[in-house]
Amino acid sequence: MSTLAVIEPATERVLAEVARAGVDETDAAVARAKAAFPGWRAVAPGDRAILLRRVATALEHESAALAVLEARNAGKPIGDARGEIAMVVETFNYYAGAPERLTGETIPVSGGVDMTFHEPLGVCALITPWNFPLAIASWKVAPALAAGNTVVLKPAELTPLTSLELERIALDAGIPEGVLNVVVGPGSVCGQRLVEHPDVAKVAFTGSTEVGARIAAAAAASIKRVTLELGGKSPNLIFADADLERAAGAAPAAVFGNAGQDCCARSRILVERSVHEEFLRLLEPVITAIRVGDPLDAETTMGPLISAEQRASVAAFVGDRAPVAIRGSTPEGPGYWYPPTVLSPVDPADRAAREEIFGPVACLIPFDSEHEAIRLANDTVYGLSGSIWTGDGGRALRVARALEAGVISINSNSSVRVTTPFGGFKQSGVGRELGPHALEHYSELKNVFYSTEGG
Ligand code: NAP
Ligand code: MG
């Protein structure tokens with residue numbers, strides 16, 4: 001087996017060398033998961049719950065080290081990494097409550113009793129991106145195992161380290177051998193093999209819309225179940241009647257969080273024209289206060305981008321057409337740094353306003369009416385998230401209902417909670433993660449009719 005050098009984006013140095021899997025190792029992982037499935041689905045629901053809680057406890061126990069590893073490998077501020085690991089623990093605890101609550105129903109019919117069961121699917125292939133490595137892995141692993149499936153997790157090659165730790169921790173916590181398997185290798189080899197493998201029942205993917213489309217097409221050949229969490233170009237709508245100071249105080253984190261490498265990034269800031277200048281003025285000090293630097297320094301609020309390629313791709317959106325209105329600063333020396341940048345005003349037809357930049361670049365777009373705000377917000381192939389800032393409650397709900405997106409917040413930029421559904425409309429994806437609804441995507445509904453005739 002060849003090896004893979006994992007790079008630390010803040011230093012550009014090698015952080016770890018790990019074994020790199022190919023097709024044979026991927027097939028072996030699927031075979032282990034397939035062999036483990038009958039045993040895992042037969043584990044009593046209460047015992048499956050106990051095992052998942054043990055994983056949560058073990059993760060919590062190691063959370064400080066996991067946060068440092070995630071911060072270094074993904075280049076995210078240590079405070080953010082700690083928050084993500086806490087969410088991973090919460091996700092396992094939450095889905096530990098599921099095995100005993102996956103109840104079916106009885107349906108009134110004549111001549112017998114009709115009942116439904118939520119059956120596990122079998123082997124689930126879970127393919128994850130590099131921006132929130134362990135958090136996104138947990139959103140898939142925890143509900144999949146809770147519902148009685150076994151899994152093969154393929155993390156992004158750039159950030160495999162915490163997923164490998166999860167495999168070790170789960171095994172130590174008592175999850176039986178073969179139930180959770182991690183395969184580290186290129187998406188084009190291991191990921192593709194998982195999608196085509198005849199023994200994989202379902203693929204859950206988070207990543208780009210481009211790769212998601214390829215996965216959906218390949219999965220169609222064997223009618224595999226597919227859920228997709230894809231790209232976004234989410235709007236942040238600022239109406240003139242909003243608390244502008246609060247809105248401006250919150251907007252930078254909503255687009256520059258995780259250095260903008262966030263599928264939920266509110267990267268199109270739509271501002272009512274009458275307050276456009278004032279909003280920019282309020283935004284400036286918040287953005288220049290962003291501290292870009294060493295992810296392990298507690299004062300840092302923004303780390304580097306994940307790679308030199310990502311930085312080049314982000315930079316290509318700037319200096320094109322729209323003027324740079326605000327720009328932060330970055331450290332000197334090694335590290336894939338890019339400053340927080342606001343373009344304003346941006347023509348909604350510009351590439352920067354239409355494509356997912358996936359870096360710390362925000363586009364400010366003025367609008368003149370509620371109608372125009374909704375039209376601009378929906379004028380995208382994506383539909384993941386969105387925010388509405390207004391002091392008018394009727395408008396808030398009117399606009400929330402009109403937006404073509406899966407996750408909306410009002411006078412807030414929050415998107416993700418363990419207990420509530422997360423996912424996209426349109427080309428942002430298919431299916432929902434988190435909350436109770438995720439379980440529907442890791443089980444198959446079976447109907448059983450039992451005749452009571454005779455006697
Ligand atoms: P990506 O290039 O689509 O990769 C995602 C994963 O798919 C990686 O593990 C990758 O492996 C693998 N992969 C690549 N080609 C594949 C193939 N042909 N078959 C199967 N798997 C394949 O995305 P990324 O660059 O890591 O992440 C950025 C994108 O993810 C952005 O567009 C962002 O919006 C999206 N995202 C969406 C959400 C959401 O919940 N909606 C959350 C986070 C990110 P390797 O990288 O190891 O080759
Ligand atoms: Mg990629």
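The model is predicted, with local features requiring pLDDT of at least 70 and side-chain atom pairs pLDDT 80 or more, whereas totals for chains, interfaces and linings use all residues. Residues are numbered from 1 along each chain as its sequence is written, chains are lettered from A and ligands numbered from 1 in the order in which they are written, and side-chain values use heavy atoms, without hydrogens and water.

Ligand 1 is surrounded by 30 residues (a heavy atom within 4 Å), the closest being Thr128, Glu157, Ser208, Leu230 and Glu356. The shell comprises 15 nonpolar, 10 polar and five charged residues (Ala, Val, Leu, Ile, Met, Phe, Trp, Tyr, Cys and Pro count as nonpolar, Asp, Glu, Lys and Arg as charged, and the others, Gly among them, as polar). Polar side-chain atoms approach oxygen atoms of ligand 1 at 3.0 Å from Trp130, at 3.0 Å from Lys154 and at 2.6 Å from Ser208; the cut-off for such a pair of N or O atoms is within 3.5 Å. Of the 910 Å² of accessible area that ligand 1 has on its own, the protein covers 88% (Shrake-Rupley method, 1.4 Å probe). Two or more residues of the shell come from each of α7 (187-196), β8 (202-206) and α8 (209-220), where helices (H or I, at least four residues) and strands (E, at least two) are DSSP runs numbered from the N terminus.

Two backbone features were also identified. Ser344 and Pro345 are joined by a cis peptide bond with omega of about -10°, and Pro345 lies in the loop between β13 (341-343) and α12 (351-354). Glu12, in the loop between β1 (2-8) and β2 (13-20), has a positive phi of about 65° although it is not a glycine.

Terms used: Polar contact = N/O pair within 3.5 Å; in protein donor to acceptor, adjacent residues only side chain to side chain.
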